[in-house]
Structure formats: structure tokens, C-alpha cells
Amino acid sequence: MASTTSTEESSDFDVSQFRHTPFYCEENAYFLCKKLCTNRMADAEEADLFVIFISNEKKQIPLWHQKASKRADGLVLWDYHVICIQRKREGEFSFLVWDLDSSLPLPLPLGSYVSQAIRPSFQISPEYQRLFRIIHAPILFRHFASDRRHMKDSNGNWIAKPPDYEVIVAEDGTIHNLHEYMEIKASDIYPNNDIDLKDAIFSRKLGVVANDLEEFFSQIL
């Protein structure tokens with residue numbers, strides 16, 4: 001991802017525990033979910049994981065509290081961003097957000113992340129509204145791939161230094177299809193009143209597109 005543009009209390013988990021490369025948010029989220037699936041701290045038997053691609057048709061989405069920002073409020077205008085949401089079947093909070101590119105605590109309850117990083121109450125032009133492609137992590141692992149070609153300019157030079165680990169190849173053998181996930185349009189939004197919403201999120205390769213994260217996850221509890 002590329003940008004066109006406060007500090008919180010210390011987090012429970014250190015980013016250094018996870019693979020993280022600035023500007024490669026899709027890989028950060030992918031490997032974070034992989035680790036949570038196998039790490040005892042995730043209590044994988046009582047949790048579920050979703051990968052969220054955030055973008056819009058204009059490819060300009062404002063997010064706050066981003067480490068890449070040079071502003072006090074952490075505002076960045078990304079072309080797209082990717083985070084991980086963990087569903088907890090026990091505990092005070094049902095959904096936790098993992099965003100390795102954020103300066104907010106890690107992980108953070110969904111409501112807190114939305115209010116601080118997405119700020120839906122902040123008045124922005126309709127063309128900058130955030131849309132969310134939500135994919136169940138096991139489905140993403142099966143189909144998602146990136147060979148990092150999107151991070152090279154027309155001369156083949158890297159726009160940002162790539163990770164020093166292997167590229168992501170999908171379990172089905174696909175080499176690159178990142179563009180399919182980051183292309184998000186308002187017309188893709190899944191009807192909120194559709195009784196098949198749960199079936200869709202747990203079966204569709206490209207998941208479900210929503211315009212409100214909290215409302216969406218309240219429907220799949």
C-alpha cells in the first residue's frame with residue numbers, strides 16, 4: 001500500500017513478535033493471522049479470524065493513528081489498507097482488531113478501533129468513504145496470493161523496500177491476485193438484510209463487502 005499524506009497506552013503485544021514490513025499491509029495481516037491460528041495466545045479453538053481490505057473506488061481512504069503519518073493525529077490517506085479482526089467467543093469484547101501499522105494498542109476492541117482509527121463521525125466527502133472487504137481467514141489462505149508486482153514502478157524499481165521473506169502463494173497455487181481483493185465498489189456492498197450473510201462470509205472467495213464494520217460483525221455473532 002502507498003500513502004498520499006497520538007500516542008496511546010502501551011499495547012499487550014509487541015509488534016516485533018510478528019512479521020511486519022511498512023507498506024506491505026496485506027502481508028502483515030496475512031502472516032499475523034497465520035501466527036494467531038497456530039499461537040496459543042490466540043486460543044484458536046475459541047476464536048475466529050477475518051482479514052479486512054479497506055479501500056474505495058477512488059483508492060483514497062483516510063485512517064488515523066497510522067505509524068506512517070507525520071501528523072500528530074496519525075492521519076494517512078492510503079490507497080488501501082489491510083487489518084485482521086479476531087472473534088472471541090469468551091471475554092468482555094467479542095471482536096478484537098489487529099493492525100500492525102497502527103500506533104494504537106494491539107489488539108484493540110473493534111468499537112475502539114473504529115472510533116479512533118476510522119472515525120465514522122468525522123465528516124468526510126462521500127468519495128472518501130471507507131468500504132470493507134471481509135474475508136474469513138481460512139478462505140483467504142486458500143486463495144490469496146501476492147508476488148509484490150504492485151510495489152514496483154514502471155521501470156521495475158521497488159516503490160518501498162520489500163520484505164526479506166517469501167512471497168505469498170495461495171494454497172490453490174495462485175501466484176498473484178491482490179488486485180481482486182483491493183478493488184472495492186459501493187455496488188459490491190452485501191445487503192444487510194440478506195439471510196444468507198453468514199453463509200456468504202464463510203464460503204465466498206472474495207468474502208463480503210460492507211460499509212460499516214461494527215454493524216456487519218454484530219450480524220455474525
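**Exercise 1. Work out what strand 4 and strand 5 form, and how many residues lie between them.**

Solution. Step 1: strand 4 and strand 5 make a hairpin, with six residues between them. In the turn, Gly91 has a positive phi of about 110 degrees. Strands here are DSSP runs (E, at least two residues) and helices are runs of H or I with at least four, numbered from the N terminus.

Step 2: four bridges join strand 4 (residues 81–88) to strand 5, and the two run antiparallel. Two strands pair if DSSP finds at least two bridges between them. Within this pairing, Gln86 stands opposite Leu96.

A note on the model: it is predicted, so local features need pLDDT of at least 70 and side-chain atom pairs pLDDT 80 or more, while totals for chains, interfaces and linings use all residues. Residues are numbered from 1 along each chain as its sequence is written, and side-chain values use heavy atoms, without hydrogens and water.

**Exercise 2. Find the bridge partner of Leu96 in strand 6, and decide whether the faces of strand 5 are covered.**

Solution. Step 1: strand 5 is joined to strand 6 (residues 108–109) by two bridges, running antiparallel. Pro109 is the partner of Leu96 there.

Step 2: look at the two sides of strand 5 (residues 95–98). Phe95 and Val97 lie on one side, Leu96 and Trp98 on the other, and all are buried (under 20% relative accessible area, with exposed over 50% and partly exposed in between; 1.4 Å probe, protein chains only). Both faces are therefore covered.
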